[in-house]
Amino acid sequence: MSITDNIKTIDAEIASMCKHVGVPVASPRLIAVSKVQPEDRVIAALEAGHRTFGENRVQEAEERWTALKEAYPDVHLSLIGGLQTNKAGKAVELFDEIQSVDRVKLARALAKEMEKQGKFLPIYLQVNTGAEPQKGGVLAGNLSDLHAECKTLGLEVAGLMCIPPAGDDPSLHFALLKKFAKQEGLEKLSMGMSADYALAAAMGATDIRVGTAIFGARDYS
């Protein structure tokens, strides 16, 4: 199928699942994860009318989207990968939201840059629901403190994001994220990827990050 067909199929499956289970989110936002994808595939998605994209790395996003955002000014770009504090300024300049805030030092760097640039982006707090030492994300026990610090800094915390451990039942992690969001009084849940987006939709995701199911397999060579 074409990229246009892939997007239509995913949108239809998400909408059908939401209707089937009666979740309050009728149409979760589909974030097309364009990392490491050839430019012709990304342009195909743009030409299909899709406008919400996610990137993992600031440098790659800068190389790809600086020109494309001029050609498609209504693109909404989310940073969904880890962010180093020394790249906070470029991230604020380039992106429309940041979904991977996981520590106070990063929150402070972003707040400083947003004030400096006069550009105030919504953020999501990334939660390490599997407590994996090699993965980014705040641990559950530190989430409330990080959220409180972000609010003190004047940051707009829109919701929570997670990436379940490979091999785990993702529903357990989606349920945890939903529980944490309720405890913190947050509405948005960024969860679900190519292998489990329908499940995420059924469990109340408001943002679903899909890459290979839209664009095809990535070539890291």
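Predicted model: local features only at pLDDT ≥ 70, side-chain atom pairs only at ≥ 80, totals over all residues.
Visitor: How does the radius of gyration compare with the globule rule for 221 residues?

Guide: Let's begin with the make-up: the protein has 9 helices and 8 strands. For 221 residues the globule rule gives 17 Å, and the protein comes close to this, so it is as compact as a globular protein of that length. Its C-alpha trace spans about 45 × 40 × 35 Å along the principal axes. The radius of gyration itself is 17 Å.

Visitor: Among contacts between residues at least 6 apart in sequence, how many join residues at least 24 apart?

Guide: A contact here means heavy atoms within 4.5 Å. Taking the contacts between residues at least 6 apart, the share that joins residues at least 24 apart is 59%.

Visitor: Is S78 buried or exposed?

Guide: S78 lies in strand β3, which covers residues 76-79. Leaving aside neighbours within four places in sequence, its contacts are R29, I31, F53, G54, E55, F95, E97 and Q99. Buried means under 20% relative accessible area. Because its relative accessible area is 0%, S78 is buried.

Visitor: How far apart are the mean positions of the positive and negative charges?

Guide: The protein has 25 positive and 29 negative charges. The distance between their mean positions is 3 Å.

Methods
Residues numbered from 1 in each chain as written. Heavy atoms only, no water. Helix = DSSP H or I, 4+ residues; strand = E, 2+ residues; numbered from the N terminus. Buried < 20%, exposed > 50% of the residue type's maximum accessible area, 1.4 Å probe, protein only. Rg over C-alpha atoms; globule rule 2.2 N^0.38 Å. Lys, Arg positive; Asp, Glu negative; His and termini not counted. Charge placed at Lys NZ, Arg CZ, Asp CG, Glu CD.
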